[in-house]
Amino acid sequence: MAILVEKHPGYRQFTLNRPDRLNALTSEMGEALLAALDEAERDPGCRAILLTGVGRGFCAGQDLTEVMPTEAGPPDLGPLLDGYNAVIRKLRALPMPVVCAVNGVAAGAGANLALACDIVLAAKSASFIEAFAKIGLIPDVGGTWTLPRLVGAARARALAILAEPLPAERAAAWGLIWQAVDDDALMPEAQALTARLAQQATVGIALTKRALDAAETNTLDVQLDLERDLQDEAARTPDYAEGVRAFLEKRAPKFTGRR
Ligand code: T3D
């Protein structure tokens, strides 16, 4: 199986599993990942997702053996990218937090797949490479959108044009990712974080994701109205009532994640 699925209490872990190719993506893997995300979304017991990879790489981007130009001409990349784009859209729109544990090199579409997740942890030995320029392509799978928003225009341009590896600790210092952690600590920390998120007020987190994404294109005026409307929705959840009660009673809240 190119994607391993593990069910944990409250969350699912998806692990890219082609270690001999540094988990390079195939169209089939894209479809499998999308199906796994769809299934997780339909499961009311799944309140968070963890994405990682097997072996010494997180994901080396598109499997280049699948898209070799031939004498007959270039491959048709449109359908392939439509498939990966569906994964990126799904990750951004999922009504639950997505943690990515980058266990090793994340290159090309692999880097941008990681950066589409909500909270990215990386092993200190990992690195991020916008490798596209090395093969004459442009950053895709959301990279041209994500990079400047995370690290600013100057760094985004240099990352995209130079295609040099960015070590995890510098990626964290630049704000590309949340944290770089010791290699041995990566999976325990990522799993503990995902388990913790699975106990939080899931609807509130989903609405927060929606507000932050909308803010990328909204004016302040429009965003203020959106915040008011989403806050009204959040305030109608049982988790809001529980959160306030728990605060006043000086105890830990017990959120259900339900509407
Ligand atoms: O169709 C399209 O192109 C559209 C979509 C584009 C999206 C993209 O992602 S484009 C970018 C594609 N990715 C790359 O260009 C990265 C290619 N890989 C690398 O540059 C290097 O492998 C790394 C810098 C990521 C890691 O280097 P290193 O030295 O640690 O490992 P390695 O020896 O290069 O790789 C290990 C094996 O994985 C090796 O196979 P071998 O020699 O042991 O049989 C290598 O060929 C294979 N591998 C690594 N990346 C890919 C791959 N095989 C197929 N496709 C790959 N992307």
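In which sense, parallel or antiparallel, do strand 6 and strand 8 pair, and over how many bridges? In this predicted model, in which local features need pLDDT of at least 70 and side-chain atom pairs count only at pLDDT 80 or more, whereas totals for chains, interfaces and linings use all residues, strand 6 (residues 105-107) and strand 8 (residues 127-129) pair in the parallel sense over 2 bridges. Residues are numbered from 1 along each chain as its sequence is written, and side-chain values use heavy atoms, with hydrogens and water left out. Strands are DSSP runs of E of at least two residues and helices are runs of H or I of at least four, both numbered from the N terminus; two strands pair if DSSP finds at least two bridges between them.

Strand 5 (residues 98-102) is largely enclosed by the rest of the structure, because 5 of its 5 residues are buried, buried meaning under 20% relative accessible area with a 1.4 Å probe and protein chains only. Val98, Cys100 and Val102 point one way from strand 5, while Val99 and Ala101 point the other way. Strand 5 runs parallel to strand 3 (residues 48-53), to which 3 bridges join it, and Leu51 stands opposite Cys100. Strand 5 also runs parallel to strand 7 (residues 119-123), here with 4 bridges, and Val102 stands opposite Ala122.

A search of the whole structure finds 0 disulfides, a disulfide being a pair of cysteine sulfur atoms within 2.5 Å. Cys59, buried at 0% relative accessibility, has its closest cysteine sulfur in Cys100 at 9.5 Å, too far for a bond. For Cys117, which is buried with a relative accessible area of 5%, the closest cysteine sulfur, again in Cys100, is 4.4 Å away and likewise too far for a bond.

The ligand is surrounded by 24 residues, the closest being Arg21, Arg56, Gln62, Leu77 and Ala109, where a residue counts if one of its heavy atoms lies within 4 Å. A backbone N or O atom of Ala60 lies 2.9 Å from a nitrogen atom of the ligand, and a polar backbone atom of Ala109 is 2.8 Å from a ligand oxygen atom.

Technical notes
Buried < 20%, exposed > 50% of the residue type's maximum accessible area, 1.4 Å probe, protein only. Polar contact = N/O pair within 3.5 Å; in protein donor to acceptor, adjacent residues only side chain to side chain.
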